[in-house]
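I opened the model to look up a few contacts, helix pairs and backbone angles. My entries follow in the order I made them.

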Amino acid sequence: MRVTQAFRFELDPNRAARFAYNWGLERCLGALKEGRPLPTAMELHREWNAWKREHAPWWVEVSKCAPQEALRDLERAIRNWRQGRADMPHLKRKKSLDDNRARFTGSIRVFPRHVQLPRIGKVRTKERTHKLLALLDARRARILSAVIAREADRWFVSLTCEVERPDFTPPAGELVGVDLGLEAFLVLSDGTRIDAPKPLARELRLLRRRSRQLSRKKKGSKNYAKASLRLARLHQRVRNIRRDFLHRVTTLLARTKPVIVMEDLSVRDLGRGPLARSIADVGWGTFRRMLEYKTRWYGSMLVVAPRGFPSTRRCSRCGHVEPELPLSRRVFRCAACGLVLDWDLNAARNLCSYGLAVLSGRTGSSPGTYACGDPSGGGTAMGRSTSHGSRKQEVAGCLCP
């Protein structure tokens, strides 16, 4: 199985891409103002080549990939804006962490402690690259591109590769439903609870203090630069703790569970409410994205229940659906059969039953009714492509209690 995978290394040390991106955006904004058609990335690149010879002779020292890929990113950003998927692109700032990155294509080579990039040459890495080198030597990987980015005062190179991964057999075990929450990050239908580290909540007091210290410094001074770096390092620490936790949890689930069922949450809409900061701190969207590609890597399957599925309001024993319940209620009480169960565990068991219904083509509540009224089963299955019949046999003995 060939997949696209990134290998990330910290560099031990160019803001050229930012300059070209801003140059192209100004021309696109001018075209919009004058009512002219927006130029494509190729048209911008031709105009750029003519412009730089007269106005920027220092560009001969920069790889051609930096402006070329930056203008392609600009074209993609404008397309997303016109299609309503993103906001209007903004000018990149010199001191912004997210704006200081550049993509390179072409001749990229990897050595035990170095990465060779076009025009830049060899750049030393702070860690060994033996894992990627072994794949390259065995011809099981091919480098597609490299992205150099800055985080606080550290530089990283991310190598996007096409990797030949072994075909894993489905892990042994039971189908599980996964209910995401804030008190417990996730609750499995077998009763397992995993708490999130919530690094933002832990460091929020220090973040506020360092933000106040930065606001009191004079912009452009050395003290301002020092305070800005201290704040950026703290943000990086919060991000790294969250990313490490999500990688560990998703790898554990993908390696040990044959079928994982979760609900399709609208994280963007939920992130606009009063719980926005708490939801961002646990990283629900990143968890879903990681789980999607890791289930493909390790041979398991991800089934996603639609947003209309009443996992929290449905009784996992009799199927009775309660009316809207307040978020403060943490115990589910069924008015029909009298079941009293933890809110999250009840939702996880409902998702488990939904997964079995999708794999068999029927719902678990009433025979003869398809899942959510959809004749095709109603769910979204992602991961290893497996027929429902064979998968149903594999998980036939794992009905949720």
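**Entry 1: Val-321**

Leaving aside neighbours within four places in sequence, which residues is Val-321 in contact with? I worked on a predicted model. I found Pro-310, Arg-313 and Arg-314 in contact with Val-321. I placed Val-321 in the loop between β12 (301-305) and β13 (331-333). I then looked up its accessibility. Val-321 counts as partly exposed, because its relative accessibility is 37%, between the cut-offs of 20% and 50%. I also took one C-alpha distance. Val-321 and Ala-335 are 9.2 Å apart in space and 14 residues apart in sequence.

**Entry 2: Leu-188**

I went to strand β9 (residues 186-188), where Leu-188 is found. Is Leu-188 buried or exposed? Its relative accessibility is 4%, so Leu-188 counts as buried. I listed what Leu-188 touches, not counting residues up to four places away in sequence. The list is Gly-177, Val-178, Leu-253, Lys-257, Leu-345 and Ala-348. Leu-188 and Asn-346 are 158 residues apart along the chain, yet their C-alpha atoms are separated by 9.7 Å.

**Entry 3: α5 against α6**

I turned to helix packing. Two packed helices are described by the angle between their axes and the distance between the axes. I looked up both for helix α5 (residues 199-215) and α6. The angle is about 170°, and the axes are 9 Å apart. The angle is over 145°, so I noted α5 as roughly antiparallel to α6. On the α5 side I found contact residues including Leu-200, Glu-203, Leu-207 and Leu-214. They meet residues of α6, among them Tyr-224, Leu-231, Val-238 and Ile-241. I sorted the contact of α5 with α6 by class and got 11 nonpolar, 4 polar and 6 charged residues.

**Entry 4: α6 against α9**

At what angle do the axes of α6 and α9 cross? I read roughly 40° for helix α6 (residues 222-256) and helix α9 (residues 284-298), with the axes coming within 9 Å. That angle makes α6 oblique to α9. I noted the crossing of α6 past α9 as right-handed. From α6, the contact includes Leu-246, Val-249, Leu-253 and Arg-255. From α9, it includes Phe-287, Met-290, Tyr-293 and Tyr-298. By class, I got 9 nonpolar, 5 polar and 3 charged residues for the contact of α6 with α9.

**Entry 5: α4 and its end**

Which residues of helix α4 (residues 130-137) are buried? I found Leu-132, Leu-133 and Leu-135. They lie on the same side of α4, because they cover an arc of only 160° around the axis. I looked at the other side of α4 too, where Lys-131 and Asp-137 are exposed. After α4 comes Arg-139, with a positive phi near 60°. I placed Arg-139 in the loop between α4 and β6 (141-151). Its relative accessibility is 75%, so Arg-139 counts as exposed.

**Entry 6: another positive phi**

Most residues other than glycine have a negative phi. I found Ala-152 in the loop between β6 and β7 (154-164). Is Ala-152 buried or exposed? Ala-152 is buried, with a relative accessible area of 1%. Arg-139, by contrast, counts as exposed.

How values were computed. Residues numbered from 1 in each chain as written. Predicted model: local features only at pLDDT ≥ 70, side-chain atom pairs only at ≥ 80, totals over all residues. Heavy atoms only, no water. Axes fitted to C-alpha atoms, helices over the stretch in contact; angles between N-to-C directions. Helix = DSSP H or I, 4+ residues; strand = E, 2+ residues; numbered from the N terminus. Parallel < 35°, antiparallel > 145°, perpendicular 65-115°, else oblique. Left-handed = near helix turned anticlockwise from the far one by under 90°. Contact = heavy atoms within 4.5 Å. Nonpolar A, V, L, I, M, F, W, Y, C, P; charged D, E, K, R; others polar. Buried < 20%, exposed > 50% of the residue type's maximum accessible area, 1.4 Å probe, protein only. Arc of directions from axis to C-beta.
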